[in-house]
Amino acid sequence: MSLVGKSLENFTANAFRNGEFVTVNTEVDFAGKWNVVVFYPADFTFVCPTELEDLQDQLATLNSLGVEVYSCSTDTHFTHAAWHQHSEAIGKVQYTMLADPSQRISRIFDVLDEESGLAQRGSFIIDPDGIVQSVEVTAEGIGRDASQLVDKIKMAQYVRNNPGEVCPAKWKEGDATLKPSLDLVGKI
């Protein structure tokens, strides 16, 4: 069952951010903001650091859009800290790295691979009301491009701020949008 259009279940988690251990509570930290949660299978692996480094490369753009960024795996916050200290790519990461050793968060987002006990690659956009606006889940070997996440957030924000309008495929900021109506049926 898709989470799109549903309220995010609240959770509290230990996390690592900018050299410190922090606690994240969705009722406090997600409220009234756009949030992105990016799940990945495990620290100290292969595709994962390339994705998290790419996400860091997009962090300034995401923050300029008012978006808070979180990554999440079933590793502990201690493992996140160790990876941050020993990987050049992960050492660049400034966003919050959620720890999910209990697998509760992965279950809330329905990305837990029960057989391996690891999270699948999932990207979620959550609006300021705590409603999931976008879900993308890929197979373990398929890395994601964070610039596509930026495009999806811009679309979600546009649609939220412009009721009655929708963004067509390949829409970029400033492009024309559509106003669904009987006049458009069969003409696109």
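Which elements do the buried residues of α6 pack against? The answer is β3 (34-39), α2 (47-57), α3 (59-64), β4 (67-73) and β8 (121-126). The model is predicted.

## Helix α6

Helix α6 covers residues 146-161. At 1.5 Å a residue, its 16 residues should span 22 Å. The end C-alpha atoms are 23 Å apart, which agrees with that expectation.

The buried residues of α6 are Ala146, Leu149, Val150, Ile153, Ala156 and Gln157. Viewed down the axis of α6, these buried residues fall within an arc of 125°, so they line one face of the helix. Their packing partners include two helices, α2 and α3. Strands β3, β4 and β8 are also among the elements they pack against.

## Salt bridges on α6

The structure holds ten salt bridges. One of them joins the side chains of Asp127 and Arg160, with an N to O distance of 3.4 Å. Asp127 lies in the loop between β8 and β9 (132-138), and Arg160 lies in helix α6, so the pair ties together parts that are 33 residues apart in sequence. Is Asp127 buried or exposed? Asp127 counts as buried, at 5% relative accessibility; the cut-off for buried is under 20%. Arg160 is partly exposed, with a relative accessible area of 35%.

Asp151 forms a salt bridge with Lys172. The closest N and O atoms of this pair are 2.6 Å apart. The link joins distant parts of the chain: Asp151 sits in helix α6 and Lys172 in the segment after α6, 21 residues apart. Both ends have some accessibility. Asp151 is partly exposed, with a relative accessible area of 22%. Lys172 also counts as partly exposed, at 41% relative accessibility.

## Other charged contacts

Glu51, Arg121 and Arg144 belong to one network, joined by salt bridges that share partners.

Glu114 and Arg107 make another salt bridge through their side chains, at 3.1 Å from N to O. Glu114 counts as exposed, at 53% relative accessibility; exposed means over 50%. Arg107 is partly exposed, with a relative accessible area of 42%.

## The cavity

How many cavities of 30 Å³ or more does a search of the whole structure find? The search finds one. The largest cavity has a volume of about 130 Å³. Its lining is made of 13 residues. Ser123, Arg144, Asp145, Ala146 and Leu149 are the closest to its centre.

The elements that give two or more residues to this lining are α2 and α6. Two residues in the list closest to the centre, Ala146 and Leu149, are also buried residues of α6.

## Positive phi values

Most residues other than glycine have a negative phi. Two residues of this model go against that pattern. Phe44 has a phi near 60°, a positive value in a residue other than glycine. Phe44 is found in the loop between β3 and α2. At 47% relative accessibility, Phe44 counts as partly exposed.

Lys170 is not a glycine either, yet its phi is positive, at about 65°. Where does Lys170 lie? Lys170 lies in the segment after α6. Lys170 is exposed, with a relative accessible area of 77%.

How values were computed
Residues numbered from 1 in each chain as written. Predicted model: local features only at pLDDT ≥ 70, side-chain atom pairs only at ≥ 80, totals over all residues. Heavy atoms only, no water. Helix = DSSP H or I, 4+ residues; strand = E, 2+ residues; numbered from the N terminus. Expected span 1.5 Å × (residues − 1). Buried < 20%, exposed > 50% of the residue type's maximum accessible area, 1.4 Å probe, protein only. Arc of directions from axis to C-beta. Contact = heavy atoms within 4.5 Å. Salt bridge = Lys/Arg side-chain N within 4 Å of Asp/Glu carboxyl O. 1 Å grid on protein atoms, 1.4 Å probe; cavity = no way out; pocket = protein on both sides within 12 Å on 5 of 7 lines; lining within 4 Å. Points joined across faces, edges and corners; volume = space filled by probe spheres on them.
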